[in-house]
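Have the viewer open as you read.

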Amino acid sequence: MHSLSQQRTLVLTERTPHITRLAPGEVAFLLEHHRRRLEVQATGRRDRYRLTALGCIGILAAPTCRFVIRPKIPLANIFALLDPLVEVPCASDHMAAEKGTEAFEFLAGQLARRMWERVAAGLFRAYREHSEQGRVLHGRFDLPTQLRKAPGRKDQLHSQYDEFSADLPCNQVVKATAEALAASPLLSAEVRTALRQALAGFESVSSVLLSASLWDAIAGERLPLEYQPLLDLCRLLADILLCNDTAGSMSTPSFLLDLERVFEIYVTRGIVEAFAHDPRHTVVVQKTYTVNEPVADQSDIIMRPDLTITCEGKTVLALDAKWKRLPRNAETGDLYQVLAYGTALGAERVVLVYPGKRWMVREYRFRHTALRLMLCTLGVGGTRAACVRSLRRLTQALKVFDCRPS
């Protein structure tokens, strides 16, 4: 294993091909662990390969080198996608080209800030059943446990009681995410300190490991809407931490941010806020639908659009966001996917949203169905004000698109 000082650094730009020399071990590592994040193509020349980062930015550690993947759009715009309301560091686009940890530090700093806000507003609490053993009965006598564990003993009483507690999965996942981030050597001392200070407000919450079961437990909780942005941020960071742990022990840690997921969150957030006070429409985010009639001994067909919009309980629109250039030829897998959503869900409107330099929209009608399609690009590369205008035009177009007669 090479030490950090011996490793060479290859700087790539997201979605931009780069030809470089790679050892056979490095190629094998990328193909085994990161095929979906880094496309590796042989050039016909010995040990020369064409590398293309597929919709991700950050740092990827290989056995004998590391890759720093920069975004195509300015870092300030990446930060705006992650949180449109936050004040962006004015020097964000003047950092060293090889650093690659700016987005990671930004997200960790945002988590610390939102944890402080949550503590100030009050952690969510609910009644939770606890068990206790001792000389004094606390709460209800637990007869089955008493008979099983301490039959005939009067000095050891088993009891159960309800406690109004903050030690719940929704708070445990926040603490677990912050603790995992604080342990990363990629963070600066300043951000790590901010995280540890924010963790002090979660002292009453148990420390647990990040896991899929923890997120499943959150799905069963009835949480206030104000918790959702914090949990969305934790989910994004947790996916990164869990995903980048698959490559095993490396001399340098990895951090890869999935820009498709970031774009999905950005688009979804804007649409949810735009329809928040619309009494007729409800935005449903990443709901899983079973679209077939059930048949015994036959697997179901499952669909999960990025979001759907319902009107009086009926699905009227399905939308997917894609972090890629809008294809010139509309006959793509993305198109077939969203048309299938519309057909299977009974929606008459379907939408595909792509990033672009500016706002653009095309609408399509079809000869043999009432289903209608909107293709649009959302400006993500200009000024923050221009990006905000572009997102506003998307939400306005959706409202008009939904209301037009077929």
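By class, the lining of the second largest pocket has eight nonpolar, three polar and nine charged residues.

Before going on, note that this is a predicted model, in which local features need pLDDT of at least 70 and side-chain atom pairs count only at pLDDT 80 or more, while totals for chains, interfaces and linings use all residues. Residues are numbered from 1 along each chain as its sequence is written, and side-chain values use heavy atoms, with hydrogens and water left out.

On a 1 Å grid over the protein atoms alone, a cavity is a set of points where a 1.4 Å probe fits but cannot get out; a pocket is an open set with protein on both sides within 12 Å along at least five of seven lines, and lining residues have an atom within 4 Å of a point. Helices (H or I, at least four residues) and strands (E, at least two) are DSSP runs numbered from the N terminus. Ala, Val, Leu, Ile, Met, Phe, Trp, Tyr, Cys and Pro count as nonpolar, Asp, Glu, Lys and Arg as charged, and the others, Gly among them, as polar.

Among the residues lining the largest cavity are Asn77, Tyr266, Arg384 and Cys387. Both α2 (75-82) and α11 (384-403) supply at least two residues of that lining, which has seven nonpolar, two polar and one charged residues.

Now for the helices. Two packed helices are described by the angle between their axes and the distance between the axes. Axes are lines fitted to C-alpha atoms, for helices over the stretch in contact (heavy atoms within 4.5 Å), and angles run from 0 to 180 degrees between N-to-C directions.

| Pair | Angle | Axes |
|---|---|---|
| α3 (102-121) and α6 (189-199) | roughly 25 degrees | within 9 Å |
| α3 and α5 (169-182) | about 140 degrees | 11 Å apart |
| α2 and α3 | about 35 degrees | 11 Å apart |

How does α3 meet its partners? α3 passes α6 in a left-handed crossing, and the residues in that contact include Ala108, Met115 and Trp116 of α3 and Val191 and Leu195 of α6. That contact has ten nonpolar, two polar and one charged residues.

α3 also passes α5 in a left-handed crossing. Phe104, Ala108, Leu111 and Met115 of α3 make this contact with Val174, Thr177, Ala178 and Leu181 of α5; seven are nonpolar, one is polar and none is charged.

α2, by contrast, passes α3 in a right-handed crossing (left-handed means the near helix is turned anticlockwise from the far one by less than a right angle, right-handed means clockwise). Here Leu75, Phe79 and Leu82 of α2 touch Glu102, Ala103, Phe106 and Leu107 of α3.
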